[in-house]
Structures are given as C-alpha cells and as structure tokens.
Amino acid sequence: MRIALIAPLPPEQNGIADYAFSLQQALSQESLQLIAPFKNQRLADRPSGIARQMQSIDWQKFDLVHAELGGGRSGEFMALEWLSEHYPSLPLSATVHDPERLIWRPAGWPLLLNRLLPRWVYQLLILLCDPFTLARERRLAAKLRVLITLTAMGGRCLTERMRLPDGKVRKIAHGNQIIAAQPLPALPPSGLLQILYFGFIYRGKGIEDLIDALALLKIQRPYVAVSLTLAGGLHRK
C-alpha cells in the first residue's frame with residue numbers, strides 16, 4: 001500500500017513534524033510504503049500556489065493520502081481540499097491536532113493580510129470569517145475517509161463540532177512512546193511534587209488525562225503533596 005503523507009517533517013522544528021515522523025516510523029514497521037511528496041518543501045499559503053504544487057505530483061500512484069492538520073498551518077488543509085475536488089475517488093485521511101476544528105483561521109487570502117492590517121482589524125476580519133471557515137471545515141471533514149485525534153476527548157469534541165457520524169473519528173495517540181506498565185515508584189514521604197503543563201488550555205488537549213492521573217496518584221499515595229500549574233492560552237468560541 002502506497003500512502004502519501006502531507007505534513008511537515010524534521011528537520012523542521014515543530015511539534016507536528018515530530019508527530020508526523022513518529023507516524024511515518026510506525027507505519028514503515030507495518031510494511032506500508034509512506035512517501036512524503038513535499039519533503040523539505042513548505043506548502044504555499046494561497047490556493048494558486050497550492051494548485052501548482054499539487055499538479056506536480058502523480059496522485060494516481062497512491063492508495064491513500066494522509067495529512068497532519070493544525071499548528072496554524074493552512075497549506076495541508078488546502079491540499080486536501082484540492083485533492084477532494086480533483087481526485088474525488090482517492091481516499092483521504094487526516095490527523096487533527098487542534099480539538100474541535102481542522103483550522104482555526106481562514107485559509108487563503110485572509111491570512112495574507114496579517115502583515116498589512118493593524119492587529120485589531122486583522123483579528124476582527126478573522127472573527128467575521130469564522131462562520132465561513134467553519135462551514136468550509138465541515139465540508140472537507142465530510143469528504144475525509146477518517147479523521148484521527150490524539151485523545152478520546154479530542155475525538156468527541158471534533159465529532160460534535162464537525163457534525164460527523166459516530167465512528168468516523170478515531171483516536172491514535174501517535175507520537176507517544178510505548179512504555180510498559182510498571183508499579184508506581186516510591187515517592188518521598190514529604191516535599192512537593194511540582195508538575196507544569198504548558199500549551200493551549202482547552203478540552204481535548206490531554207489535560208483531562210493528566211488530571212485523572214493525579215487523582216489516581218492521590219488515591220494510591222494520599223500523603224504526596226502535588227502542585228499542578230497550567231500555563232498557556234485560551235481559545236474563546
């Protein structure tokens with residue numbers, strides 16, 4: 001099976017590139033042929049540029065195209081849109097890194113105004129475009145064969161927001177190393193266990209799993225003092 005991967009990859013330094021590399025390594029161990037047609041290239045941020053890049057690839061030689069969506073990038077989203085229009089019979093899938101949405105900002109020309117408009121005007125433009133962006137996301141989500149999230153909560157949020165049927169969103173926590181279960185190690189009887197979570201703070205990002213783990217810790221080791229600090233931005237609907 002030949003799979004095209006549309007995603008950033010190392011040495012590009014961002015979290016999604018690391019996730020994509022982890023997925024690539026895992027699939028290669030299953031004897032699947034994973035090819036990155038745009039390796040060492042950044043996808044264009046406007047439809048005309050995306051069209052030129054997509055037309056340079058023979059997509060008929062692939063059995064499936066998988067993309068990694070999120071991180072404020074719009075190129076991968078527009079690439080899937082292009083494929084759904086020009087190759088409607090080609091199976092498409094995507095890992096969605098931002099719970100609830102495929103992209104948070106409109107893809108295409110509005111992003112190009114970021115450097116031209118005052119910040120508050122640009123933010124107002126993004127807000128006004130949001131209903132159209134959401135409708136565009138739902139159209140693409142309906143055309144994808146399957147969508148993958150990293151957490152179960154993220155999958156439920158995405159299913160609800162994209163109005164998808166049950167079973168179309170799957171959870172695959174790729175990027176996490178598989179570690180065999182071990183007994184809880186001995187913790188100091190005194191002192192404070194300090195934990196820092198840094199990232200966007202909204203449901204589906206894995207914070208729920210962290211809190212559940214801390215609750216389990218308090219049950220098993222009630223004497224342990226724990227401090228949890230959540231640091232990051234909030235997204236308001």
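## M54 and the cores

Leaving aside neighbours within four places in sequence, M54 is in contact (heavy atoms within 4.5 Å) with I6, F38, W59, A79, W82 and L83. Apart from the core discussed next lies another core, of eight residues, among them L5, L34, A36 and L64.

M54 is also one of the residues that touch the most other members of the largest nonpolar core, together with I6, W59, L83, L102 and L147; this core has 36 residues. At least two residues each come from β1 (2–6), α2, β3 (64–69), α3, β4 (92–96), α5 (119–143) and α6 (152–162). The largest contribution, six residues, is that of α3. A nonpolar core is a set of buried Ala, Val, Leu, Ile, Met, Phe, Trp, Tyr and Cys residues joined through side-chain atoms within 4.5 Å. Buried means under 20% relative accessible area, exposed over 50%, and partly exposed in between (1.4 Å probe, protein chains only).

## Basis of the model

The model is predicted: local features need pLDDT of at least 70 and side-chain atom pairs count only at pLDDT 80 or more, while totals for chains, interfaces and linings use all residues. Residues are numbered from 1 along each chain as its sequence is written, and side-chain values use heavy atoms, with hydrogens and water left out.

## Helix α2 against α3

Helix α2 (residues 47–55) packs against helix α3 (residues 75–86) at an angle of about 65 degrees, and their axes are 10 Å apart. Axes are lines fitted to C-alpha atoms, for helices over the stretch in contact, with angles from 0 to 180 degrees between N-to-C directions. P47, I50, A51, M54 and Q55 of α2 meet G75, M78, A79, W82 and L83 of α3. By class, the residues of this contact are eight nonpolar, two polar and no charged (nonpolar: Ala, Val, Leu, Ile, Met, Phe, Trp, Tyr, Cys and Pro; charged: Asp, Glu, Lys and Arg; polar: the others, Gly among them).

Within α2, the buried residues are G49, I50, A51, Q53 and M54. These buried residues pack against β1 and α3.

## The chain as a whole

The protein chain has seven helices and eight strands, taken as DSSP runs numbered from the N terminus (helices H or I, at least four residues; strands E, at least two). Of its 237 residues, 42% count as buried. The C-alpha atoms fill a box of roughly 65 × 50 × 35 Å along the principal axes.
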